[in-house]
Amino acid sequence: MATGPTLWKNLRLVPPGWSAGEIPACDLLTEGGRIVWLGAPGEAPADLASGAAHRDLGNALVTPGLVDCHTHLIHGGQRADEFSMRLAGASYEAIARQGGGILSSVRATRAASEDELFARALRRLDALRAEGVTAIEIKSGYGLDLATERKMLRVARRLGEVRPVTVRTTFLGAHALPPEYAGRADEYIDLVCDIMLPVLDEEGLVDAVDVFCENIGFSLAQSERVLQAATQRGLAVKMHAEQLSLMGGTAVAARYGALSADHLEYLDEAGVKLMHDAGMVAVLLPGAFYFLRETRRPPIDLLRRHGVPMALATDCNPGTSPSTSLLLMMNMACTLFRMTVGEALDGVTRHAADALGAPSVSGRLAVGHLADFVAWHVDSPAELAYWTGLPRCGLVVRHGEVVHEAAL
């Protein structure tokens with residue numbers, strides 16, 4: 001972490017909730033990895049700026065570091081064949097019931113070594129970092145046995161050690177029913193709650209716990225058992241909910257004070273109100289919506305009306321969202337979900353940070369906060385959601401240090 005002061009000059013800091021209008025220039029002073037001052041150009045206090053290194057950002061637009069708050073980054077293999085099957089008319093649910101879907105990734109992940117998983121995930125992580133991601137959540141869930149879930153979570157921890165990015169791990173042992181437990185879902189939940197979770201938590205591999213509550217996943221009662229076991233251990237919880245049907249998983253998640261409910265295409269107004277009352281974040285995943293060619297959108301208007309913060313994430317996974325571009329998710333959220341640019345930008349910064357629930361990740365740029373920010377070569381924040389495929393990230397700073405730089 002940087003210790004000496006740096007004065008970052010000639011930048012335009014995008015305010016939270018940006019909607020339109022000119023963004024004035026400002027300067028920003030960092031020291032010890034944190035922001036110690038920000039204000040009008042040339043007005044940094046002499047006692048703070050004395051001896052500081054200077055870095056001119058050339059009128060670049062600056063946002064907080066991007067936060068990808070829902071990923072399945074670590075997995076073996078790929079599922080391009082299933083993509084072809086869906087193009088031929090097979091549904092995601094039908095493929096899953098035939099042994100494809102998550103279970104095909106489980107087989108590949110179990111067969112892969114830890115080093116193989118690490119090397120593949122590192123490439124995906126580096127692609128995200130090159131677009132300004134400074135913090136990421138990584139789920140397990142393609143192991144469905146203790147050895148492989150441990151392997152995945154160990155890889156996630158390693159990624160955070162070898163790259164300058166904050167990695168938060170989520171145990172998703174209740175992602176699907178493994179084939180060896182076919183017809184014995186309750187017994188598998190026993191394994192998740194009584195064996196896997198305690199061991200992995202005691203090994204320091206778990207920051208939060210998730211569960212896939214869905215007709216092709218786990219029932220309300222089974223999902224509640226997972227959340228209960230996690231909260232009894234003092235772990236944060238979240239839930240894949242209301243993606244393919246309205247099961248009421250969001251209500252269960254709200255009862256346990258979940259950080260977020262994710263997907264939410266079938267969420268109704270009652271569930272939205274419960275999320276608001278519980279202080280939850282709605283994590284929207286437009287990549288999966290697009291890739292599965294879904295037609296039912298998340299209830300954006302209801303979430304707005306009831307003041308539920310909306311985060312966006314890549315949902316990077318081999319079956320339903322093989323994407324490593326959070327900027328593309330912003331574009332999809334605007335074009336497919338009709339979110340505003342300001343909502344999309346907040347969705348990959350402050351609201352995504354809140355969905356992580358990590359004190360070290362705020363998604364905000366203010367005095368006292370960690371200096372995680374991105375300098376963009378664009379004229380307007382709207383360009384972050386407007387372009388697709390055009391590199392715009394010029395500089396990534398994490399904890400006050402430059403960790404990625406590109407000549408644009």
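This is a predicted model: local features need pLDDT of at least 70, side-chain atom pairs count only at pLDDT 80 or more; totals for chains, interfaces and linings use all residues.

Start with the largest pocket, which holds about 330 Å³ of space. It is lined by 19 residues, and those closest to the centre are A96, L103, A176, L177 and I216. Two helices, α3 (92-97) and α4 (102-111), each supply at least two residues of that lining. The biggest contribution is from α3, with 3 residues. Sorted by class, the lining of the largest pocket has 13 nonpolar residues, 5 polar and 1 charged.

Now the second largest pocket, at about 280 Å³. Its lining has 14 residues, and R86, Y92, F291, L292 and R293 lie nearest the centre. The elements giving two or more residues here are α2 (80-87), α3 and α11 (286-291). In this pocket α2 gives the most, with 3 residues. The classes are 8 nonpolar, 2 polar and 4 charged.

Last, the surface. Which residues form the nonpolar patch there? They are Y386, W387 and L390, with about 320 Å² of accessible area together. L390 sits in the loop between α16 (382-386) and β14 (393-398). Is L390 buried, partly exposed or exposed? L390 counts as partly exposed, because its relative accessibility is 39%, and that class runs between the 20% and 50% limits.

That is what I have; questions are welcome.

Conventions: Residues are numbered from 1 along each chain as its sequence is written. Side-chain values use heavy atoms; hydrogens and water are left out. Patches are made of residues with over 30% relative accessible area and no salt bridge: like charges are joined within 9 Å, nonpolar side chains (Val, Leu, Ile, Met, Phe, Trp, Tyr) within 5 Å. Accessible areas come from the Shrake-Rupley method with a 1.4 Å probe; for residues, only the protein chains shown count as cover. A salt bridge is a side-chain nitrogen of Lys or Arg within 4 Å of a carboxyl oxygen of Asp or Glu. Helices (H or I, at least four residues) and strands (E, at least two) are DSSP runs, numbered from the N terminus. Buried means under 20% relative accessible area, exposed over 50%, partly exposed in between (1.4 Å probe, protein chains only). On a 1 Å grid over the protein atoms alone, a cavity is a set of points where a 1.4 Å probe fits but cannot get out, and a pocket is an open set with protein on both sides within 12 Å along at least five of seven lines; lining residues have an atom within 4 Å of a point. Grid points are joined across faces, edges and corners, and a volume is the space filled by probe spheres set on the points. Ala, Val, Leu, Ile, Met, Phe, Trp, Tyr, Cys and Pro count as nonpolar, Asp, Glu, Lys and Arg as charged, and the others, Gly among them, as polar.
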